[in-house]
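Have the structure open and try each task before reading on.

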Amino acid sequence: ALPRWTGTAGALAFLSATILYGVAVGGYGRMVSESLTSAAGFEIAKVELSGQKETSEFEILEALEIQQGTSLALFDAAAARDRLERIAWVDDVSVQKFYPNTLRVKIGEREAYALWQRGDRLSVIDGKGQVISDDVDGRYANLLMLIGHGAQTRGQEIIDDLDAMPE
């Protein structure tokens, strides 16, 4: 007294369960989810960058780790923000998802405050004395030059003393 389609439904249910089991045990769940959500129109098609001057687009895109077919729905914005904050020039960053297919990244960069020399090494530092980059070129020629270990944290004192003096 079973309907005619019972055998077909049972076979399809068994095959579906087998496929799902294989995906789960094989560790392909993330890949399948990415493919399905991307195919549904949630693939990252556009990345809007703003605020960067010293940080290259290549560095930012590399830190985002976006590949062909990456799904916006499954993209981990917090992890991307953490990776972007490890870039030397980046002070703060915002990563926002705009559905269906846009990722917006706003970068706040640290400002070059002075050059710091210790021995043969020359670095660009920020106002807190943190090294931003050891890649120094002519763009930074007009910055205050601090020389010696410990000098990087005393730059503001020098500026304040110079400002207090008449010409």
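**Exercise 1.** Work out whether the crossing of H3 and H4 is left-handed or right-handed.

*Solution.* Start with the model: it is predicted, with local features needing pLDDT of at least 70 and side-chain atom pairs pLDDT 80 or more, while totals for chains, interfaces and linings use all residues. Residues are numbered from 1 along each chain as its sequence is written, and side-chain values use heavy atoms, without hydrogens and water.

Next, find helix H3 at residues 57-64 and helix H4 at residues 77-85; their axes lie 8 Å apart, at an angle of about 140°. Finally, the crossing is right-handed (the near helix is turned clockwise from the far one by less than a right angle).

**Exercise 2.** Find which residues of H3 and H4 meet.

*Solution.* Look for contacts (heavy atoms within 4.5 Å). From H3 come Ile-60, Ala-63 and Leu-64, and from H4 come Ala-80, Arg-83 and Leu-84. Sorting the residues of this contact gives five nonpolar, no polar and one charged.

**Exercise 3.** Decide which residues of H3 are buried and which are exposed on its other side.

*Solution.* Ile-60, Ala-63 and Leu-64 are the buried ones (under 20% relative accessible area; exposed is over 50%, with a 1.4 Å probe and protein chains only). Viewed down the axis of H3, these buried residues fall within an arc of 105°, so they line one face of the helix. Their cover includes strand E1 (46-50), H4 and strand E3 (102-109). On the other side of H3, Phe-58 and Glu-62 are exposed.

Notes. Axes are lines fitted to C-alpha atoms, for helices over the stretch in contact, and angles run from 0 to 180 degrees between N-to-C directions. Helices (H or I, at least four residues) and strands (E, at least two) are DSSP runs, numbered from the N terminus. Ala, Val, Leu, Ile, Met, Phe, Trp, Tyr, Cys and Pro count as nonpolar, Asp, Glu, Lys and Arg as charged, and the others, Gly among them, as polar. The arc is that of the directions from the helix axis to the C-beta atoms.
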